[in-house]
Amino acid sequence: MRIATWNVNSIGARLPRLLPWLEEVAPDVVALQETKCADAAFPYMPLQALGYDAAHSGDGRWNGVAILSKVGLEDVSNVLDGHPEPRLVSAQCGPLRVYSCYVPNGRALGDPHYDYKLAWCEALRQQLAARDPADPLVVMGDLNVALHDRDVWDIGAFADSTHVTPAERAAVQALLDWGLVDVEARPGKGDVPFTYWDYRAGMMHKNLGMRIDYVLATRAVPVQDAWVDREARKGKGASDHAPLVVDVDL
DNA sequence: ATGTCATCTTAGAGATGA
């Protein structure tokens, strides 16, 4: 079974890239983030034509998450206590419980959005705590945190920046401590499997990226392979994030 | 690294967020 996560930065703008990518890579389950569309505008039909059932949670211009599945889509929930923004959707996809997450960016240290980010992660942790880490479950998505110094191109450039602070890393570590494994992709160019490169300043060309998109899996999910599809970040009409693709044996 | 991209408001360029 092949699963993937991808921050598409608008599913409307990305559909000409997303649909061929789905045909080529043929994942069974895909977690999408930043769909940036309302539920009524979600492109269910072209996805269904490729064999995907879809669950979407979105309310328009910002955020928006989805799960696409070829292997069943049941028990869908977009609820996260105290957090009405559409940043979380989960569903049972065959044998696997799937979470698609778009963790708040945080914006800047001292910004209220930074505290919101930490609170959001804690709410997710509490929701997970009601589940059993012995079951097959994956938390996938744009976590907007680089867990290790090596997960950014130059930690020295991140002084007083979000995404790398001890509190943010601890918030993600708390998810891991519940019973999740960080499924790191095979190393890419520069020996770090970055998943995001800013559109600006030729960051992709210079491979100045960040690893902020994750598949976190319980130990009940046997992982066979994991890789970042950098090709999807290249060329005309690309998202600023690349997909992370993981093969699992369930 | 701050060189772009996407969307919305509301009619064309600015604001917002990433």
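In what order do the six strands of the open sheet lie? The order is 5-6-7-8-10-9, with mixed pairing; two strands count as paired if DSSP finds at least two bridges between them. Helices (H or I, at least four residues) and strands (E, at least two) are DSSP runs, numbered from the N terminus. The model is predicted: local features need pLDDT of at least 70, side-chain atom pairs count only at pLDDT 80 or more, and totals for chains, interfaces and linings use all residues. Residues are numbered from 1 along each chain as its sequence is written.

Strand 5 (74–77) and strand 9 (180–182) stand at the edges with a single partner strand each, so one side of each has no neighbour in the sheet. Within the sheet, strand 7 (residues 96–102) pairs with strand 8 (residues 137–142) in the parallel sense over six bridges. S100 has M140 in strand 8 as its bridge partner. Helix 4 (residues 166–179) packs on the sheet and touches strand 8, strand 9 and strand 10 (213–218); contact requires C-beta atoms, placed from the backbone, to lie within 7 Å.

Helix 1 (residues 11–25) spans only 17 Å between its end C-alpha atoms, whereas a straight helix of 15 residues would span 21 Å, the expected span being 1.5 Å times one less than the number of residues. A kink of about 45 degrees lies at R17, shortly before the proline P20; the bend is the angle between axes fitted to the seven residues ending at a residue and the seven starting there. After helix 1 comes A26, with a positive phi near 55 degrees.

Key. Chains lettered and ligands numbered in written order. Contact = placed C-beta atoms within 7 Å. Axes fitted to C-alpha atoms, helices over the stretch in contact; angles between N-to-C directions.
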